[in-house]
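Hi everyone, thanks for making time this morning. I'd like to walk you through one structure, so let me put it on the screen.

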Amino acid sequence: MTLTKLMKGSALGALAAAMALTALPAEAQAQSRNWQERAERARGDRNEARQQRSERRENRQQARQEERRQDTREVRRAASERRADMRQRQEVRGDNRADIAQARGSRGWNQADRRVEAARERNARREVEQRNRTYAAERNRNYTDRNRAERRAEERAERRAERRTERRVEQQRDARREAYRDGRRDARREAYREDRRDARRDAYRDARREANRRARYYDGRRWHDYDRWDQRRWRSNHRYDWQRYRHSNRSIFRLGSYYSPYRDYRYRRLSIGFRLGSLFFGSRYWINDPWRYRLPEVYGPYRWVRYYDDVLLVDIYSGEVVDVIYDFFW
């Protein structure tokens, strides 16, 4: 019983094993086929997704390129419009410049010509100022030397004239005395005529001196007589010792900046006899209180005028510089 059961059990086990061995490859094949199908489907899905992504990428690139082309066309259109507008403006500006040039007499009023013209004017102005400074310095030096020599010559001439007059008076007195003693009537008459001639000559000389000493000016209503300014007499008066007074009162002589009536005008050393323009001796340059600086009072058409750090005495009716004090102010 045991053997039969054992045989039956072994046969069934063998059959089951055989059936299992035959069933395993079929199931494995079925599973492998399913896996291959799933792999192929997944590969197809991936290829399709990759293709879709590439198509979307190409579409985006084409859209971007189209946008760039559209932007480029817009930029070119705007640039062409700007160029057309600029050409139109240039044409209008050119027409306006042509009209302006024609209205101004067709002179070259462009920027380069104006710079060249301005440079020429500056060079000419510098040359004129240099010549004026040289001339003023030379004239002032010559005037100073000549003034001293002329003054000494005039003093010697006056002393000689006085001695001649005294000798002539003595000779005439002696001649009259001798004629009177001798009773010579003709000699007395000749002496009388000589006295008359000398008297007329002296009177004429005095009249000439008085005419040279005095002058006249017209103020718009009537004529006025005045004595000509003597630039040497007041300097010997100790009341007008402005240098010593300035040494002890320095703050009075320290004025503000001097502003020339002309923008491009520069200081030049002026001398007596020079004629100024009317703007240089206007009322804003007058020194209304000369005694404040120990200067003599003025009269007639004369006015003390500030000129930079110098003081000028100017005849305001002719503009002539009558007297000069250099480096008066600080």
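Let's start at one spot in the sheet: Arg 306 stands opposite Val 311 in strand 4. Please keep in mind throughout that this is a predicted model. Arg 306 also lies over the face of Phe 329, at 5.6 Å from the ring centre. Val 311, for its part, is among the residues with the most contacts inside the largest nonpolar core.

Three strands make up an open sheet, in the order 3-4-5, with antiparallel pairing. Strand 3 and strand 5 are at the edges with a single partner strand each, so one side of each has no neighbour in the sheet. From one strand to the next, the twist averages 30 degrees. Between strand 3 and strand 4 there are six bridges.

Searching the whole structure gives 24 aromatic pairs. Take Tyr 258 and Tyr 285: their ring centres are 5.3 Å apart and their planes meet at 35 degrees, so this pair is tilted. Both residues lie in the loop between helix 4 and strand 3, and the pair ties together parts that are 27 residues apart in sequence. Are these two tyrosines buried or exposed? Tyr 258 and Tyr 285 are both buried. They also belong to a cluster linked by ring pairs, along with Tyr 262, Tyr 265, Tyr 267, Phe 280, Tyr 307 and Tyr 308.

Compare that with Tyr 293 and Phe 329. Here the ring centres are 5.6 Å apart and the planes are at 85 degrees, so the pair is edge-to-face. This pair links distant parts of the chain, with Tyr 293 in the loop between helix 4 and strand 3 and Phe 329 in the segment after strand 5, 36 residues apart. Tyr 293 and Phe 329 are buried too. And there is another arginine over a ring: the charged end of Arg 250 sits over Trp 330, 4.1 Å from the ring centre.

Last topic, charges. Side chains of opposite charge can pair when their charged atoms come close. How many salt bridges does a search of the whole structure find? The search finds seven. Arg 235 sits in the loop between strand 2 (223-227) and helix 4, while Asp 323 is in strand 5, so the pair ties together parts 88 residues apart in sequence. Asp 323 is buried, with a relative accessible area of 1%, whereas Arg 235 is partly exposed at 39%.

Asp 230 forms a salt bridge with Arg 233, with the closest N and O atoms 3.4 Å apart; Asp 230 is partly exposed at 28%, and Arg 233 is exposed at 63%. Asp 241 and Arg 244 meet in a salt bridge at 3.5 Å, N to O. Finally, salt bridges with shared partners join Glu 66, Arg 69 and Arg 73 into one network.

Key: Residues numbered from 1 in each chain as written. Predicted model: local features only at pLDDT ≥ 70, side-chain atom pairs only at ≥ 80, totals over all residues. Heavy atoms only, no water. Core = buried A, V, L, I, M, F, W, Y, C linked by side-chain atoms within 4.5 Å. Buried < 20%, exposed > 50% of the residue type's maximum accessible area, 1.4 Å probe, protein only. Salt bridge = Lys/Arg side-chain N within 4 Å of Asp/Glu carboxyl O. Helix = DSSP H or I, 4+ residues; strand = E, 2+ residues; numbered from the N terminus. Pairing = 2+ DSSP bridges. Axes fitted to C-alpha atoms, helices over the stretch in contact; angles between N-to-C directions. Phe/Tyr/Trp six-rings, centres within 6.5 Å; stacked < 30°, edge-to-face > 60°. Lys NZ or Arg CZ within 6 Å of the ring centre and 35° of its normal.
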